[in-house]
Amino acid sequence: MDITYYKTQVIDYSRKGIKAEMNKEELLEKGLWFHGHKCPAMPMGLRVSLAAMEALGVEQRAGAGELVALVEIDEDHCATCFADGVQVATGCTFGKGNIKKLHYGKWGLTLIDRKQGKAVRVAPLAEAMEANKRTEFMARRKAGIPPTQIPAEIAEPLVERVMNAPAEQLFKVSEVFDYIYEAAPHTFESVVCDECGEMVVERNARVQGGQVLCIPCAGLG
């Protein structure tokens, strides 16, 4: 993967006593690998997440449920790629269950540090989002062209701009505020569907005609 055109900028967390795990170039490389294509929204998720982590004084990505990310995106709209940047930077993932969609149709991130009981909200500036929308990249996306088919010379300047622009040109950061997040306990109970023979979480099983069925086999999926 060629990302040599990006400047190496080590994230300086020294004033909060934090050591950065990686520089921006390394983080971007991981983000591009995870996300699969170049666009401005995923890098915006990276930058917003790093700002939130810095504001909270968080030392590292979530290995389990130490952090919770509340992302304001909805379904089936532009720039939901933002959430992939959040996952890569914060370690909050859908597999761990510590990233939640709020379905606002916006691009804000509220990052919660459960140990401290603190949170911060970071949101891209409308001006920055509008600037991205006025580009050839977005014109092609609106025309239905997949991002993987947009030439690199069109996508790469947008990625570079988002990764290297001053924070005040990209997003706003709230004050840190109190936030107690109570996570629901994980269930370990499961049963085997009598129809398909696959494992299903017990609370999601249905009983029909004396059979224990998963939701699809019960005709409810």
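The model is predicted. Its largest nonpolar core has 27 residues. Helix H3 is largely enclosed by the rest of the structure, because 9 of its 9 residues are buried.

**The nonpolar cores**
- In the largest core, the residues with the most contacts inside it are Met-44, Leu-109 and Leu-111.
- Helices H2, H3 (82-90) and H4 each supply at least two residues of this core, and so do strands E1 (67-71), E3 (109-113) and E4 (118-124).
- H2 gives the most, with 6 residues.
- Met-44 touches Phe-82, Pro-124, Ala-128, Met-129, Val-162 and Leu-170, leaving aside residues up to four places away in sequence.
- A second, separate core has 19 residues, among them Leu-32, Leu-46, Phe-137 and Met-163.

**Helix H3**
- The buried residues of H3 are Phe-82, Ala-83, Asp-84, Gly-85, Val-86, Gln-87, Val-88, Ala-89 and Thr-90.
- They pack against helices H1 and H2 and strands E1, E2 (99-101), E3 and E4.
- Gly-91 follows H3, and its phi is positive, near 80 degrees.

**Helix H6**
- H6 holds 13 residues, 152-164.
- At 1.5 Å a residue H6 should span 18 Å, and its end C-alpha atoms are 18 Å apart, so the two values agree.
- Buried in H6 are Ile-154, Ala-155, Glu-156, Leu-158, Val-159, Val-162 and Met-163.
- The cover over these residues includes helices H1 (24-35), H2 (41-56), H4 (126-133) and H5 (136-142).

How values were computed. Residues are numbered from 1 along each chain as its sequence is written. This is a predicted model: local features need pLDDT of at least 70, side-chain atom pairs count only at pLDDT 80 or more; totals for chains, interfaces and linings use all residues. Side-chain values use heavy atoms; hydrogens and water are left out. Helices (H or I, at least four residues) and strands (E, at least two) are DSSP runs, numbered from the N terminus. The expected span of a helix is 1.5 Å times one less than its number of residues. Buried means under 20% relative accessible area, exposed over 50%, partly exposed in between (1.4 Å probe, protein chains only). Contact means heavy atoms within 4.5 Å. A nonpolar core is a set of buried Ala, Val, Leu, Ile, Met, Phe, Trp, Tyr and Cys residues joined through side-chain atoms within 4.5 Å.
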